[in-house]
Amino acid sequence: MVNSKLSNSQSSSFFLLDGMAVEQHLLRLAEGGSKAFAEKLNPGVANVLGVRVPDLRKLAARIARDDWQAYLASAGTHYMEERMLHGLVLGCVRVDDVERYLALVSAFVPRINSWSVCDVFDFRGKQRFVDAHRERVWQFLSGWMASGREYEVRFGVVMAMKYFIDAEGLPRVLAACDRCAAHEGYYVKMAVAWALSVCYVRFPAETLRYLRGNALDDFTYNRALQKIVESYRVPEADKALIRSMRRK
């Protein structure tokens with residue numbers, strides 16, 4: 001059973017849902033979660049509750065229908081799931097002004113402390129939002145990719161992978177992957193490898209040309225090949241070629 005004692009995070013001070021602090025909701029949801037499994041997936045991350053992502057999404061949707069501004073002003077960071085919830089709420093709130101919305105996201109990104117917190121985030125409106133503000137969003141993501149901080153760079157790479165691997169955006173994504181792979185962070189390199197595997201699935205010929213003349217370190221390059229080979233969307237004949245390109 002999860003200890004129901006609240007931490008001293010800010011989340012318990014300003015925003016209540018059903019008369020309970022958000023942290024209390026998370027502690028209750030953790031009773032039906034899997035703490036050990038979540039900790040295994042996020043090695044080295046402190047204060048993991050193991051709340052299931054579907055439960056976090058439901059809680060985020062409820063908060064977004066309530067006084068979400070008050071929630072964001074006091075969102076806690078003690079538990080990993082508090083950080084995940086923060087990102088999920090930003091994926092639900094309706095903010096018409098793009099600059100105001102991106103400012104809210106900018107307040108969240110430095111709070112990312114694991115791949116789980118990073119990868120659960122999505123823009124409100126998803127592809128529609130990106131298509132409506134394509135150049136501004138790319139500029140926004142480029143700033144994070146250049147930040148130098150591991151999870152901020154990963155955030156930029158993962159979001160670029162989600163929304164810019166198309167005929168127009170592919171060259172920019174490949175160039176960004178080349179730059180970002182120079183970062184020493186493991187979770188940056190894994191994000192780059194993941195993004196390159198998606199590039200290959202969607203644009204195999206163009207990505208193959210890139211892989212034959214890139215500036216990637218051996219670890220990231222070989223991980224990208226591995227992810228391509230693991231994809232069920234890549235033909236077996238292509239996989240044989242990709243395997244042959246592995247660096248010793």
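A residue counts as buried when its relative accessible area is under 20%, as exposed when over 50%, and as partly exposed in between, using a 1.4 Å probe on protein chains only.

**Entry 1: ground rules.** I'm looking at a predicted model, where local features need pLDDT of at least 70, side-chain atom pairs count only at pLDDT 80 or more, and totals for chains, interfaces and linings use all residues. Numbering starts from 1 along each chain as its sequence is written, and side-chain values use heavy atoms, with hydrogens and water left out.

**Entry 2: the whole thing.** I checked burial and got 51% of the 248 residues as buried. I also looked up 16 helices and two strands in the protein (DSSP runs numbered from the N terminus: helices are H or I with at least four residues, strands E with at least two). The radius of gyration is 19 Å, close to the 18 Å from the globule rule for 248 residues, so the protein is as compact as a globular protein of that length. (That radius is taken over C-alpha atoms, and the rule is 2.2 Å times the number of residues to the power 0.38.) The C-alpha atoms fill a box of roughly 60 × 40 × 30 Å along the principal axes.

**Entry 3: the core.** Next I went for the largest nonpolar core, which has 90 residues. (Such a core is a set of buried Ala, Val, Leu, Ile, Met, Phe, Trp, Tyr and Cys residues joined through side-chain atoms within 4.5 Å.) Helix H13 (residues 186-202) gives the most to this core, with 10 residues. Phe155 is among the residues with the most contacts inside the core, so-called contacts being heavy atoms within 4.5 Å. Leaving out residues up to four places away in sequence, I found Phe155 touching Val105, Val109, Ile112, Cys118, Phe121, Phe140, Leu141 and Trp144.

**Entry 4: pockets.** I looked for pockets on a 1 Å grid over the protein atoms alone (a pocket is an open set of points where a 1.4 Å probe fits, with protein on both sides within 12 Å along at least five of seven lines; lining residues have an atom within 4 Å of a point). The largest pocket holds about 290 Å³ of space, a volume being the space filled by probe spheres set on the points. Its lining has 16 residues, with Ala38, Leu41, Val51, Val53 and Ser116 nearest the centre. H8 gives the most to that lining, four residues. The second largest pocket has a volume of about 240 Å³, and H9 supplies the largest share of its lining, three residues.
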